[in-house]
Amino acid sequence: MATDYQRLIADLLAFYDFRDKTVISVGAGGGQLIEFGRKAAKVLALDNDAQALELLRENLRIAGLESRFEPILGDFFEADLKGDVLYFEFSLHEMRDPGAAVERGLAMAPAVVVFDHYPGSEWAYFTAEERKVAASWASLGRFPVKKTESHQAVQIFNDYEELFQKVKGQGETSLARIERYRGQTGIRIPMSYGLALVAR
């Protein structure tokens, strides 16, 4: 296990109450943090990756949450969805224009919850995403942010191969940066993550 997902879920649920709300979850594929939806009225789980949505469906079946979630394959900027809250799950930094994404989110729901890597995160450096992460948080400066939090966790890997498999899709810069861990075991990399609530 790369990181403690239970801790991330606990931090998310302490930050925002999803109870009885219709949630538009952006970047929902994979389903590592689906427990947040257990008390929601409905989660419209939007992702543009069909394979990730298949994994989400499997995790929903295992967790007994299939009735709470509606997996939707599509592009966020083209989706015509409405809800009580729009939730970016480690996906805002992946948006081509994070500011425009938050703006669109506020057109789809009166509140936006951002849960993402935080500027200065060592893990974001090793995945070669530090610039995208910094830009996504900077984009929030033009919106009415009601509250923010930041937390620390650790990404843990048994060995270099496990780390390599985790980041291999991140490109050559990331692979070059993890070279320092080649041959090592019990690899621990600090990960900073943050939460923000934006509301109209």
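## Ser-192: a buried serine

Ser-192 is buried: its relative accessible area is 8%, and the cut-off for buried is under 20%. This comes from a predicted model. The residue lies in strand E7.

What surrounds Ser-192? Leaving aside residues up to four places away in sequence, Ser-192 touches His-117, Tyr-118, Ser-121, His-151 and Gln-152. With one of these, Gln-152, there is also a side-chain polar contact, at 2.9 Å.

## The E6–E7 pair

Strand E7 covers residues 185–199. Its pairing with E6 is antiparallel and runs over 13 bridges.

Strand E6 spans 145–159.

## The whole sheet

Where do E6 and E7 sit in the sheet? The strand order is E3-E2-E1-E4-E5-E7-E6. The sheet is open, has seven strands and mixes its pairing senses. From one strand to the next, the twist averages 20°.

## The helix on the sheet

Helix H1 is formed by residues 5–15 and packs on the sheet. Which strands does H1 touch? The contacts are with E4 (85–89), E5 (111–117), E6 and E7. The direction of H1 makes about 15° with that of E7, the strand that holds Ser-192.

Note on methods
Residues numbered from 1 in each chain as written. Predicted model: local features only at pLDDT ≥ 70, side-chain atom pairs only at ≥ 80, totals over all residues. Heavy atoms only, no water. Pairing = 2+ DSSP bridges. Helix = DSSP H or I, 4+ residues; strand = E, 2+ residues; numbered from the N terminus. Axes fitted to C-alpha atoms, helices over the stretch in contact; angles between N-to-C directions. Contact = heavy atoms within 4.5 Å. Buried < 20%, exposed > 50% of the residue type's maximum accessible area, 1.4 Å probe, protein only. Polar contact = N/O pair within 3.5 Å; in protein donor to acceptor, adjacent residues only side chain to side chain.
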